[in-house]
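Welcome! Please take a look at the structure below, and then we can walk through it together.

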Amino acid sequence: MIVLAHVSDVHIDGSERNTARTRRVMAYVDGLDVAAVVVTGDIADNGAEEEYAIARAELKTRHPTIICPGNHDDRTAFRKVLLDGADGTGAINQVIRVPGASIVLCDSSIPGRPDGLLDEPTLTWLDATLAAEPGPVLVGMHHPPAALGIPYVDGIGLGEPDRLAALLGKYPQVAAVLVGHAHTGAATTFAGRPLLVAPGVVSTALPPFEAGERPPVDYDLPPALAFHILSGGRVTTHYRALP
Ligand SMILES: [Fe+2]
């Protein structure tokens, strides 16, 4: 049995509020026995180096950690601060292996835009990477490739999701797809796999039935995260709010 902690959308902006929420979540994770921590984007609210410096300190944990960019992130600053100045200018695509599983994180950001896309080099990289991973594999990115019932989020989701679906169709060892961006703990399906959305650490997006007449983002609900248990090729997700 493999347990992963899934954290997303910490939006570090220099404010004590967002830093404290991130610290609360990471302190909780640090006290648990998990195989790895997956962070699915929107790390720095403005993509600034100073924000990444805070994020680097706050996301530090005793567990192996893999972090991908979101639409708020800046690839240059992300590489410089979070990846120790790693080479490259394009999409930041990464894989880590823990005993018994692999986690493959793609960069779905489009510089300067809120919506997402897996560009040609990323799709090629993902294809080659999955071909070499025996599985089980969890594939992650920032933008959800399917609608979640929140109109303003669904309008800035992953473009060309059919290309990802076709690619995943070749690789039955992919047990689930993990995403962020939506700021709500949610679960649906995509390409015949679970599509598991991490809550937002800094805020919670509300679907219309819940928001009613108020703004569709709640800043008072507590920070939350997801835990994914991988066992026998099947994923069970527990969502946990941390008041
Ligand atoms: Fe976000």
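## Before we start

A residue is called buried when its relative accessible area is under 20%, exposed when it is over 50%, and partly exposed in between, using a 1.4 Å probe and protein chains only. This is a predicted model, in which local features need pLDDT of at least 70 and side-chain atom pairs count only at pLDDT 80 or more, while totals for chains, interfaces and linings use all residues. Residues are numbered from 1 along each chain as its sequence is written, and side-chain values use heavy atoms, with hydrogens and water left out.

Helices (H or I, at least four residues) and strands (E, at least two) are DSSP runs, numbered from the N terminus.

## The iron site

Let us begin with the metal. Asp9 (OD), His11 (NE2), Asp42 (OD) and His183 (NE2) coordinate the iron ion at 2.0 to 2.3 Å. Donors here are N, O and S atoms within 2.8 Å of the metal (3.2 Å for Na, K and Ca); water is not among the atoms, so sites may look incomplete. Along the sequence, the donor residues follow the spacing D-x1-H-x30-D-x140-H. His11 sits in the loop between β1 (2-7) and α1 (16-30), and Asp42 in the loop between β2 (36-40) and α2 (49-58), so this pair, 31 residues apart, links distant parts of the chain. Both His11 and Asp42 are buried.

What is the arrangement of the four donor atoms around the iron ion? It is irregular, because the angles they subtend run from 85 to 177 degrees. Four donors count as tetrahedral if all angles lie between 85 and 135 degrees; four count as square planar and six as octahedral if opposite donors are over 155 degrees apart and all others between 65 and 115; anything else is irregular.

## Salt bridges

A salt bridge is a side-chain nitrogen of Lys or Arg within 4 Å of a carboxyl oxygen of Asp or Glu. The whole structure holds ten of them. One of these joins the side chains of Arg75 and Asp107, at 2.9 Å from N to O. Arg75 belongs to helix α3 (residues 75-82) and Asp107 to the loop between β5 (101-105) and β6 (109-110), so the pair ties together parts that are 32 residues apart in sequence. Arg75 is buried at 13% relative accessibility, and Asp107 is buried too, at 0%.

Another salt bridge links Arg113 and Asp115, whose closest N and O atoms are 2.7 Å apart. Arg113 is partly exposed at 45%, while Asp115 is buried at 17%. Lys170 and Asp127 also meet in a salt bridge (3.0 Å, N to O). With Lys170 in the loop between α6 (161-168) and β9 (174-179) and Asp127 in helix α4 (residues 120-132), the pair ties together parts that are 43 residues apart in sequence. Salt bridges that share partners also join Glu120, Glu160 and Arg163 into one network.

## How helices pack

The axes of α2 and α3 are 9 Å apart and meet at an angle of about 40 degrees, which makes α2 oblique to α3. The axes of α4 and α6 come within 11 Å and cross at roughly 15 degrees, so α4 is roughly parallel to α6. Axes are lines fitted to C-alpha atoms, for helices over the stretch in contact, and angles run from 0 to 180 degrees between N-to-C directions. Angles under 35 degrees count as roughly parallel, over 145 as roughly antiparallel, 65 to 115 as roughly perpendicular and the rest as oblique.
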